[in-house]
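User: I am new to this structure and would like to learn how to read its features one at a time. Could you give me the general idea first in each case, and then the example?

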Amino acid sequence: MKKISVRTSDGQEFELEENLAMESATIKTSLDAFSRDDIILLPNVNSWEMVKIIEFFTKVQELETKFGVKFMEKKEGRFLEAFQAEFDKDLSDDNLYCLLWTVDYLGIEVLLENLCHLMAERTKNKTVESCRNLFGVQHDYTPEEEAEIREDYSWAFEGPEIEE
Amino acid sequence: MDRRIRKHANKARMARRMAWEAIHKDRISQLPDDTLSHILSLLPTRDAVRTTILPKRWNNLWISIPNLDFDQREVSSDKFGEFVDGVLSLHASSNIQKFRLCSRNSYNNGDEYLSRNSRWICDAMRHNIVELDLHIFDNHGSSRLGDLQLPVSLFTCKTLVALKVSSNCMNLAPPPSASACFPSLKSLHYRLGWPDSASMFEMLASKCPVLEDLTIDQMKTFRILGSLMAADKYRFSINAPKLENLVVSGQVGSSNYYFSNNAKAMVKAEIHLIHGDSRENIYHVERAPPLLEGVSGVKYLSLLTPMFSARSLPSFDNLKHLKVGLFRCSYWGYVIELLKRSPNLEDIVLDIWTWTWGKQEYVKGYRAFNPPEVVPICVSSHLRTISIINFMGYDDEFEVVKYLLQYSEVLRRLTISTRESYLFKTRRMTAEKLHKKALKFQKCSKTCEIEIIINSETDRHKNCSCHL
């Protein structure tokens with residue numbers, strides 16, 4: 001199995017197995033354009049993110065052997081649970097957001113789906129403020145505008161809210 | 001905690017935060033709309049709507065999310081109506097992928113509740129829904145099953161692929177005028193549990209021409225009829241841990257059914273794969289289908305199936321009552337194998353389908369009965385009644401009767417039923433002679449009775465019924 005070399009934004013190099021590297025649409029496009037012997041530069045990807053991604057693929061292979069299912073081809077419900085349990089533990093909200101962005105950038109469908117689910121779980125029942133923090137988003141409504149929206153959509157703000 | 005360690009931890013956290021912000025500023029820090037939309041679609045609609053408060057850019061993002069999920073348990077009951085109305089009226093996209101409605105009525109305005117839900121479903125169907133999940137209950141008021149009218153558009157919807165329904169007030173009968181019902185429905189999940197729901201469901205299930213995935217909750221008896229699911233190219237996986245009775249009947253490809261989960265609660269099974277004089281009947285199959293393994297825990301079993309090789313037969317540890325159809329010839333070995341594998345058997349009915357014999361078999365007549373080396377446990381300890389239908393009077397049949405009488409220690413009754421014409425044709429025997437011969441056999445059980453029933457000529461198919 002051929003190995004593909006990538007270099008992340010902070011100068012670290014990683015070797016990926018070819019079939020894993022091809023899971024990333026972005027890397028695949030680069031490979032098609034350039035020779036496989038060259039190192040692929042990924043200036044938008046951090047080394048810790050790359051470590052996480054490799055960890056993910058390793059975990060997938062482990063779970064595939066355990067459950068006997070081709071994870072890449074089909075989305076197995078219980079597979080998702082097993083994966084989420086593992087990954088959820090070590091990712092802080094910030095890291096999750098960054099990783100999500102990176103995986104989206106790299107175009108790794110399978111991992112993206114899982115991270116979206118994780119993100120969705122963390123968003124449920126959170127207040128607006130904590131959602132903002134989660135998504136790292138600026139508050140660009142004036143208090144008046146915010147009040148107006150809350151008025152218009154009052155029916156959406158009924159029910160329990162969890163303070164974070 | 002040591003102050004120094006704490007200080008160190010704080011510093012590390014600060015450093016990480018700064019690094020994160022640095023990266024954040026550098027890259028295009030917003031996730032693309034597609035991804036955001038996808039994340040929002042995984043949330044219950046209430047949470048998705050709230051995100052509208054986040055940056056201006058997101059303001060109307062939620063309106064184009066492809067999934068709507070309304071759950072009354074998450075919104076306070078009196079505001080739920082407004083909420084659903086509000087979202088439905090604002091939803092810009094004409095296509096909703098997934099629509100889920102979970103509502104309960106606990107106020108005393110049953111009519112209003114029903115009409116509201118009906119209107120919402122009607123509204124929803126306008127959006128080319130692909131997956132529909134309805135969980136609608138009226139726990140107050142006098143609504144009964146059949147009161148909530150579903151729009152015709154639901155039954156004729158061309159885009160609907162998956163339907164999940166659970167309700168105590170819905171009318172699921174497809175309208176008679178609907179020509180093409182559920183043209184694209186591949187998955188149906190239905191929850192029974194109310195009077196009349198079973199028949200309503202059967203009507204519904206029979207109208208799904210391309211159905212692939214069928215899930216039924218709370219079903220006690222399930223009937224698989226040959227006409228309902230034709231073609232051998234499909235495989236059916238049955239996952240039914242609470243099912244009590246199973247009837248499989250018709251020219252179905254028996255090897256195509258298997259149980260993906262232990263059918264622990266099953267008590268009674270009827271597997272009829274052989275019908276009448278049909279030329280399509282196959283009387284000998286090498287391997288017993290997985291279906292047989294799946295029903296091997298039942299107490300009552302009726303088998304009208306080809307003979308299976310001994311190796312492939314499961315053991316029937318709980319079997320008390322067995323009725324088995326015997327075709328063509330050379331079936332005594334098969335009968336012995338079944339007896340061996342049913343250690344607790346109490347009643348057995350051997351139904352000989354003599355009209356499946358070819359001309360040669362009639363002429364030759366004799367099929368050997370080889371008594372087993374060891375008497376099967378059920379014969380010596382449990383067998384109480386034995387019944388042989390369409391007894392012809394051949395030597396091997398008499399040998400079987402002799403063997404069973406000799407070794408059945410608790411046998412109460414042996415019944416032989418046949419027709420005068422059969423006996424006469426084969427052995428020029430009369431009923432009287434038969435009786436005399438049978439009575440001469442040595443009986444192991446002191447309380448055993450031998451009963452001989454002679455049927456009239458017109459009762460040809462009388463013994464085909466499955467009373468156990």
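User: What span is expected for helix α6 (residues 109-123) of chain A, and what is its span from the first C-alpha to the last?

Analyst: Helices here are DSSP runs of H or I of at least four residues, strands are runs of E of at least two, and both are numbered from the N terminus. The expected span of a helix is 1.5 Å times one less than its number of residues. Helix α6 of chain A, with 15 residues, reaches 21 Å from its first C-alpha to its last, close to the 21 Å expected. This is a predicted model, in which local features need pLDDT of at least 70 and side-chain atom pairs count only at pLDDT 80 or more, while totals for chains, interfaces and linings use all residues. Residues are numbered from 1 along each chain as its sequence is written, chains are lettered from A and ligands numbered from 1 in the order in which they are written, and side-chain values use heavy atoms, with hydrogens and water left out.

User: Is α6(A) mostly covered or mostly exposed?

Analyst: A residue is called buried under 20% relative accessible area, exposed over 50%, and partly exposed in between, with a 1.4 Å probe and protein chains only. By that reading α6(A) is mostly covered, since 12 of its 15 residues are buried, among them Val110(A), Leu111(A), Leu112(A), Cys116(A) and Met119(A). The buried residues of α6(A) also include Glu113(A), Asn114(A) and Arg122(A).

User: How does helix α5 (residues 93-106) of chain A read in terms of span and cover?

Analyst: The 14 residues of α5(A) should span 20 Å at 1.5 Å a residue, and its end C-alpha atoms are 20 Å apart, which agrees. Because 11 of those 14 residues are buried, α5(A) is largely enclosed by the rest of the structure; Tyr97(A), Cys98(A) and Trp101(A) are among the buried ones. After α5(A) comes Gly107(A), with a positive phi near 70°.

User: Which elements make up chain A as a whole, and in what order do they run?

Analyst: Chain A has 8 helices and 3 strands, and from the N terminus on the order is β-β-α-α-β-α-α-α-α-α-α. Of its 164 residues, 46% count as buried. A contact means heavy atoms within 4.5 Å, and among contacts in chain A between residues at least 6 apart in sequence, 59% join residues at least 24 apart.

User: Where does a positive phi occur in residues other than glycine in chain B?

Analyst: One case is Asn128(B), whose phi is near 55°, and this residue sits in the loop between α5 and β3 (131-138) of chain B. Another is Phe182(B), with a positive phi of about 45°, in the loop between β6 (170-171) and β7 (187-191) of that chain.

User: How should I read a salt bridge, and how many does the structure hold?

Analyst: Side chains of opposite charge can pair when their charged atoms come close. The cut-off used is a side-chain nitrogen of Lys or Arg within 4 Å of a carboxyl oxygen of Asp or Glu, and the structure holds 12 salt bridges over all chains. In one of them Glu55(A) pairs with Lys52(A), the closest N and O atoms being 3.6 Å apart.

User: Why are Glu55(A) and Lys52(A) separated by about one helical turn?

Analyst: An α-helix has 3.6 residues a turn, so residues three or four places apart point the same way. Glu55(A) and Lys52(A) are 3 residues apart in helix α3 (residues 47-67) of chain A, and are therefore separated by about one helical turn. Glu55(A) is partly exposed at 34% relative accessibility, while Lys52(A) is buried at 10%.
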